[in-house]
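Work through the exercises below with the sequence and the coordinates open. Each task is followed by a solution in steps.

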Amino acid sequence: MKKQILRLCKHLNKFTLDEITTISELESEEIKPYLDLLLKENNLIYKNNIYYYKKVEMQQNNKLPLKFQFHTKEDIDYMIKGFCADIEAKKMMSVFNFSKHVINVFYQYFRTSIYETQKQELLKYFEENPKLPQEREYMNTKVYLYLYDDKLFVSEKALKTQSNKKHTEQERLTIKNIYLRSYRKVLSRSFEQKFHLHLSEELWKYGKEFNIQYKKLNQILFS
C-alpha cells in the first residue's frame with residue numbers, strides 16, 4: 001500500500017489530506033499513517049497543511065490513468081480477468097471486496113479502451129472504402145454500424161464522407177445478424193448510458209476465449 005500511496009503523491013506533487021483522500025478513495029484515518037511514514041522517510045514535506053512530494057523513488061508500472069495506478073498490479077489484474085470473464089460488479093464486490101464505484105470505473109475504462117481501439121481500425125478501413133452506415137437506436141440513443149471483412153464496427157457518431165456508397169444487401173443481412181446477437185447480450189445486463197461502449201465490448205468479445213480476451217485487453221491497455 002505504501003508504494004501505491006507514494007506513487008500517487010508523486011503524481012499529485014502537492015496536495016492536502018482531503019485531496020489525496022478523495023482521489024485514493026480511502027478514509028483519512030487509513031491514509032494518514034502512510035503519509036506520516038513518508039514524511040519520516042523524507043519522501044514528503046509538510047507545510048501549511050499541504051504535502052509536497054520530495055523524492056523520486058519509483059517508476060510508473062503501467063500506462064493506466066492516475067486513479068488506476070493507485071491500485072496494485074494484482075488488483076488491476078483481477079479487474080481485467082473479471083471483465084473478460086463477464087463477472088458482474090456485484091460478484092466482484094463479494095469476492096474481492098472492491099467497491100461498486102471502483103469496479104464500474106474500471107469496467108467503463110476497459111470498454112472505452114476497446115471502443116477506441118476498434119474505432120482506429122474502423123477509420124483505416126473507412127479511409128480506403130467509405131460507406132454510409134447502418135443505423136440502430138435504443139432508448140433514444142443511436143449507434144452507427146459499419147461492416148468490413150465480415151467484421152462489424154460501431155461508432156458513436158456517423159463518419160463524415162461525400163460518398164453515397166451503401167452496404168450491399170448481403171452486408172446488411174450480416175450486420176443484422178451480428179448486431180442482434182450482441183444486442184441481446186447487452187440487454188441481459190443493466191446499463192443506463194453509453195450504449196455504443198457496451199455494444200462495442202460485445203462485438204469485440206464475440207468468438208474469443210477468455211485467454212485470448214485477457215491477452216488482447218492487456219495489449220490494448222499497456223502496449
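**Exercise 1. The sheet**

In which order do the three strands form the open sheet, and is the pairing parallel or antiparallel?

Solution. The model is predicted; local features need pLDDT of at least 70, side-chain atom pairs count only at pLDDT 80 or more, and totals for chains, interfaces and linings use all residues. Residues are numbered from 1 along each chain as its sequence is written, and side-chain values use heavy atoms, with hydrogens and water left out.

Step 1. Helices (H or I, at least four residues) and strands (E, at least two) are DSSP runs, numbered from the N terminus. Two strands pair if DSSP finds at least two bridges between them.
Step 2. The order is β4-β5-β6, and the pairing is antiparallel.
Step 3. From one strand to the next, the twist averages 30°; angles run from 0 to 180 degrees between N-to-C directions, and axes are lines fitted to C-alpha atoms, for helices over the stretch in contact.
Step 4. β4 and β5 (residues 141–148) are joined by five bridges.

**Exercise 2. A residue in β4**

Locate Q134 and decide whether Q134 is buried or exposed.

Solution. Step 1. Q134 belongs to strand β4 and stands opposite L145 in β5.
Step 1. Buried means under 20% relative accessible area, exposed over 50%, and partly exposed in between (1.4 Å probe, protein chains only). Q134 has 18% relative accessibility and therefore counts as buried.
Step 2. With neighbours within four places in sequence left aside, Q134 is in contact (heavy atoms within 4.5 Å) with V143, Y144, L145, H167, R172 and I175.

**Exercise 3. Helices on the sheet**

Describe how α7 and α9 pack on each other and where α9 lies on the sheet.

Solution. Step 1. Helix α9 (residues 195–205) lies across β4, β5 and β6 and runs at about 165° to β6.
Step 1. The axes of α7 and α9 are 9 Å apart, at an angle of about 70°. The two helices are therefore roughly perpendicular, a class that covers 65 to 115 degrees.
Step 2. The contact involves residues of α7 including Q108, R111 and Y115, and residues of α9 including H196, L197 and W204.

**Exercise 4. The nonpolar core**

Which residues of the largest nonpolar core touch the most other members?

Solution. Step 1. A nonpolar core is a set of buried Ala, Val, Leu, Ile, Met, Phe, Trp, Tyr and Cys residues joined through side-chain atoms within 4.5 Å.
Step 1. The core has 19 residues, and M79, I80, I103, F106, F110 and L217 touch the most other members.
Step 2. Two or more residues come from each of α5 (73–84), α6 (89–96), α7 and α10 (210–222). α7 gives the most, with six residues.
Step 3. Beyond four places in sequence, I103 is in contact with M79, A89, M92, M93 and F98.
Step 4. M93 is in helix α6. At 31% relative accessibility, M93 counts as partly exposed.

**Exercise 5. Confidence**

Over which residues does pLDDT stay under 50?

Solution. Step 1. pLDDT is the predictor's confidence in each residue, from 0 to 100. The protein averages 86, and 91% of the residues score at least 70.
Step 1. The stretch is residues 56–61.
Step 2. Where pLDDT is low, the predicted coordinates should not be read in detail.
Step 3. Among the elements, helix α4 (residues 66–69) has the lowest mean pLDDT (68), and β6 the highest (96).

Technical notes:
Parallel < 35°, antiparallel > 145°, perpendicular 65-115°, else oblique.
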